[in-house]
Amino acid sequence: MKMSSAAVALAFALVLTNLAEQSHGALQEGFYKGKCNVDVEKTVSDIITPLVGQKPWITPALLRMQFHDCFVNGCDASILLDGSSSEKTAIPNLSVRGYDVIDLVKSAVEQRCPGVVSCADVIVMATRDAVAASKGGWYRVQTGRRDGLVSLAKNVNLPGSSISVVNSAAIFNSKGISTEDMVYLLGGHTVGLTHCSFIKNRLYNFNNTGSTDPTMQPGLAFFLKLKCPQTSTVDNTVDLDQGGSSAGLLGQPTSEIVDNSFYKQIVFRRGVLAIDQALGLNELTKDTVNKVAISSNDYFLTKFQQAMVKLGAVEVLTDTQGEIRKTCRATN
């Protein structure tokens, strides 16, 4: 049966729509299939999965690394480059960890498939596998990124823990990420730690008032003050996920599990970082926070995974742009 020109146009449009759903730019799922004699993604997973079991800190470390990489010059692994003035030396990146983990994965991939797999893709694949190993569910990622050639500390301008929701949203939006997806991505704070120095102002001198941030639940404030004494010279750490399901319960922290408890904390004014708590109070974001908090954990995981894929597509280099580094710490 002969199709009309309108029907052909519609069919072609549907094909394009489907392709758009599966890829961002030149990125695609399964990019390395047929390019190597081994399953590249399995090689990465076989290393990351047992490592996370031994060292749970790897998951928040890699989540942070991917975010810090993608928000400076795009997802090009520029954060991995060594140098006296490279991105690694910028103040926000001094506490970034996991470089040795990426080195380990890259070395294994290079041995099996030399000169093909980018460091930028290694970060994205390794982060996905770390999330999965932390009960965050496995999700498909797109690959095909190339590695950047430039890494400068002066280019690092990342949103801090005390940034306002409006300003944070503006930065995310400038990277092509919606305000709603920003809320899901900040759900990465469901794992990991923060230092007392980042929250002492909320505990002891909020907005120069000499008192505690009134938006912080009193029970949480009491507990955090025990962990972060005002006059302590040691910068202790606290879990970003303090657990708890009501305003009167401290609960059991789930800081090694990727789940939606982060949002439940915020609803009960138990966000540790200023930006985290602000998400539950600002008109731009509070509806999304409430939705995730009352929904199933699977709902959050799906939204988080989709947002991570979008983050991985920020300002990527593809095709003949950049290079495929032999080692992630230096350009070829």
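These questions and answers set values from a predicted model against the definitions behind the terms.

Guide: The model is predicted, so local features need pLDDT of at least 70 and side-chain atom pairs pLDDT 80 or more, while totals for chains, interfaces and linings use all residues. Residues are numbered from 1 along each chain as its sequence is written, and side-chain values use heavy atoms, without hydrogens and water.

Visitor: Why are α5 and α13 called roughly antiparallel?

Guide: Helix α5 (residues 119-136) and helix α13 (residues 297-311) pack at about 170°, with axes 12 Å apart. Angles run from 0 to 180 degrees between N-to-C directions, with axes fitted to C-alpha atoms, for helices over the stretch in contact. Under 35 degrees is roughly parallel, over 145 roughly antiparallel, 65 to 115 roughly perpendicular, and the rest oblique. The pair is therefore roughly antiparallel. Helices here are DSSP runs (H or I, at least four residues), strands likewise (E, at least two), numbered from the N terminus.

Visitor: Which residues make the contact of α5 with α13?

Guide: Thr127, Val131, Lys135 and Gly136 of α5 meet Leu301, Phe304, Gln305 and Met308 of α13. Contact means heavy atoms within 4.5 Å. By class, four are nonpolar, three polar and one charged. Ala, Val, Leu, Ile, Met, Phe, Trp, Tyr, Cys and Pro count as nonpolar; Asp, Glu, Lys and Arg as charged; the others, Gly among them, as polar.

Visitor: What makes the pair of Phe67 and Phe71 tilted?

Guide: Rings of Phe, Tyr and Trp (its six-membered ring) pair if their centres lie within 6.5 Å; planes under 30 degrees apart are stacked, over 60 edge-to-face, the rest tilted. The centres of Phe67 and Phe71 are 4.5 Å apart and the planes are at 40°, so the pair is tilted. Phe31 and Tyr32, at 5.1 Å and 85°, are edge-to-face. The whole structure holds seven aromatic pairs.

Visitor: How do you know that Gly187 is buried?

Guide: Buried means under 20% relative accessible area, exposed over 50%, partly exposed in between (1.4 Å probe, protein chains only). Gly187 has 0%, so Gly187 is buried. Tyr32, at 6%, counts as buried too.

Visitor: What is Gly187 in contact with, beyond its neighbours within four places in sequence?

Guide: Gly187 contacts Phe262, Tyr263, Phe300 and Phe304. Ring pairs link Phe262, Tyr263, Phe300 and Phe304 into a cluster. Gly187 itself lies in the loop between α7 (179-185) and β3 (193-195).
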